[in-house]
Amino acid sequence: MNFSLTEDQTLLVDALKRFSDKNYAPEMRQRMVLDQEPMSREVWTGFASLGILGLTLSEEHGGFSGSGIDVMVVMRELGKYLVIEPYIPNVVMSAGLVELCGSDWHKKVLLPELIKGESTLVLAHTEMQGHQDLSHVETIARQEGGVWVLSGKKTLILGGASADRFIISARTSGSSGDKDGITLFIAESLDESISGQVYPLLDGSRVLDIQFDNLRLGSESVIGTLDRAFAPIECVYDRAAMASCAEALGAMETAYEMTVDYLKDRHQFGQSLSQFQVLQHRAVDMFINIEEAHSLLTLAAANAWGDSPYERARSVSAAKSLFARATRFVSQQAVQLHGGMGMTYELPLSNYVKKLTMFDTLFGGERFHRSRFSNLRKEEAATTGFVSPKKSWKQL
Amino acid sequence: MELTYSKKELDFAVEVRDFVSESLPGDVARKVLEHKRIFKEDVQRWHAALHEKGWIAPHWPKEHGGCAWNAVQRHIFDVESAALGAPRLSPFGLHMIGPVLIAFGTEDQKKYYLPRILSGEDWWCQGYSEPGSGSDLASLKTKAVRDGDSFVINGQKTWTTHAHWANMIFCLVRTEVSERKQNGISMVLCDMSTDGVEVRPIVTLDGEHEVNEVWFSDVKVPVQNLVGEEGRGWSIGKFLLSHERTGIAGVGVSKRELAYLKHLASEEMYAGKPLLEDPIFKDRIAELEIDLLALEMTVLRVASRDDSGGEPGPEASILKIKGTEIQQRLTELQMEVAGLAALPYLPMAWGDSFIGKTPGPAYAAPLAARYLNMRKTSIYGGTNEIQRNIIARRVLGL
């Protein structure tokens, strides 16, 4: 057992740092947000040349053949810079789904473009009333003379505002809340049957809601096995949850460093704030939260692309639950310890606070994950059709 | 980064499990698992078995009789032996004065004392805290005055764990009054049977006796018993305190106590269902289990960083803080499971030979006392507040 990064991982971190220092300065990010840009194609192409868009995809498709640890390492850096480009939706979720469920043709057509940054593909799964229940799918797909016809609404599509294509989940049998009966379809985002609204989230990233009535798709648009999309969806959501934790780690570390610097610089009552024990202990508690979260994250990262769906689910849910508490504490105390300044929009810290505030709501919150952690049974996991990511997905 | 145990490490776990199952006396294991009262002889029997195996000092260098296990091995041993009910060994010889003598002792001291620590022939206690010097240990006042071939010691130590079982004590004493209070402190070794040494018991919240006051009235100690340089004992004392911190996360014991908690909750009924299935109680357990998992990963991360030798870093303070919080929370939840049965105060029922009946199930009898006893963990070994001061100073640079 060992915890050190490989030389490749260290080089990747350095390359990312240099790239982000140059291309992702806070002012640039701020301008993107104010200009309502969901994504910078330049930055995205830069990511492609760093090799990170195909991070976990196999080398045969032009990917990096990376591990969950590689994803953790990359996401931590992206979190430090508050990168708003939709890395998780494209690279972790959609590319992952194509690799898990796609036919050889799907992989040949879709993956190389994704890896080179030439086109984007995101998952449109969540529906507003569904909250965090992954089996809540009311969007319907019915067969009509060899063609699929989809009707429904999808909300808060991460990366949707800049997506060239969607993977849309729709119900092909059963009723909402059934794990069986969900199927995935690929659609062009510019299809005239799809109407959408783009809006910003708390952190300035831009997302998309879509509605479609009688969206007509050919049979080749079905990705994966009919009715059996739940397991691969759950798998990529787990991986996204882990990636989100890693991103939050980078954001927490930066917010914490800003806070410690502030305590040292700020003087009141004739001395530096860093002399006051209550404030010292509060900063220490932030540090402890971050360290413990980091430790547990490594376990989730090691399992998120691993062979055991049970270990993946258990370690990811543990990490997501712990990070829920950590992100809340660190972001709240960062504001608190900055005093009045912590309440300003202008302070760079504010973007970190808003990012960390979003953490618990995406990819399953504390309640969901802690409940799942409690209720996971090893035997059950072996029979529910969870996928082993190293093999292609197969029907139960 | 490789976070699965290697085959070698898994084989080692099996080796440990087999050894402990064979060599840990069953009556001792049962007492530990059921929270019954443990005596000196119980610990000595386990100590002897480990000594015979050559496993008594995993963290000592081989040249001094240790088996020089790395962090992962020490962790595996901790978890596997705790799971089977191994009692906690006395730390004062193996984890404190032993490493101190290895680092600072004379050749004569090492040659004489180290084998006796390994064999268990000497049982040590720690003369550090005084009534006026707890967290502010450097303010200590017990005096040692040079008189020919001896130091003459006068003063009082307190909170001395197992002084009533020990035959040796290592003390921080003041050999010189100086402007800076850390200067002029020396470490001396003292035989507990020396004239003038008096041990008085302190009874703790739970009604039990494990700590003491130790009074020194003109106690003569040979000058050869000075450890390191006279007047420079404070840095030796600090060295020892940082070593005290890494062992203190207690992951192995906490994992065992968590398993015990789940077992108890699966049998105790509440509203027609096992308490383990009550959503609120189940969630409390899950939160704790997740914290323990995070602590275990931190132990491995921090300890493997320190494996390259040298002193444990200040991050070890995290292990002390989180480890003790988890230990305490486990005693709270166990008490909760017992419900009303936790309240009867029947110390006789915590003895292994008790054959009477308790108002509630037998497992419940020691739980409240154990909860009270474990309130010490956030206080001893450097209070959790002091630990935060250390992290603030040495990690955050505040």
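Modeller: In this predicted model, domain bounds come from an automatic or database domain assignment, and for chain B that gives domain 1 (7–89), domain 2 (124–231) and domain 3 (250–394).

Biologist: What separates the centres of domain 1 of chain B and domain 3 of chain B?

Modeller: Taken over C-alpha atoms, the centres of these two domains of chain B are 20 Å apart.

Biologist: How do you know which residues of domain 1 of chain B are in contact with domain 3 of chain B, and how many are there?

Modeller: Contact requires C-beta atoms, placed from the backbone, to lie within 7 Å, and by that cut-off 15 residues of domain 1 of chain B are in contact with 16 residues of domain 3 of chain B. On the domain 1 side, the elements giving two or more residues are α2 (26–33) and α4 (71–83) of chain B.

Biologist: Which element gives the most to that side of domain 1 of chain B?

Modeller: With 8 residues, α4(B) gives the most to the side touching domain 3 of chain B. By class, the residues of that side of domain 1 divide into 5 nonpolar, 4 polar and 6 charged.

Biologist: How is chain A divided?

Modeller: Its domains are domain 1 (7–118), domain 2 (123–223) and domain 3 (230–383). Between domain 2 and domain 3 of chain A, the centres are separated by 30 Å, taken over C-alpha atoms.

Biologist: What makes domain 2 of chain A count as in contact with domain 3 of chain A?

Modeller: The C-beta cut-off is within 7 Å, and 11 residues of domain 2 of chain A are in contact with 12 residues of domain 3 of chain A. The domain 2 side has 4 nonpolar, 4 polar and 3 charged residues.

Technical notes
Residues numbered from 1 in each chain as written. Chains lettered and ligands numbered in written order. Predicted model: local features only at pLDDT ≥ 70, side-chain atom pairs only at ≥ 80, totals over all residues. Contact = placed C-beta atoms within 7 Å. Helix = DSSP H or I, 4+ residues; strand = E, 2+ residues; numbered from the N terminus. Nonpolar A, V, L, I, M, F, W, Y, C, P; charged D, E, K, R; others polar.
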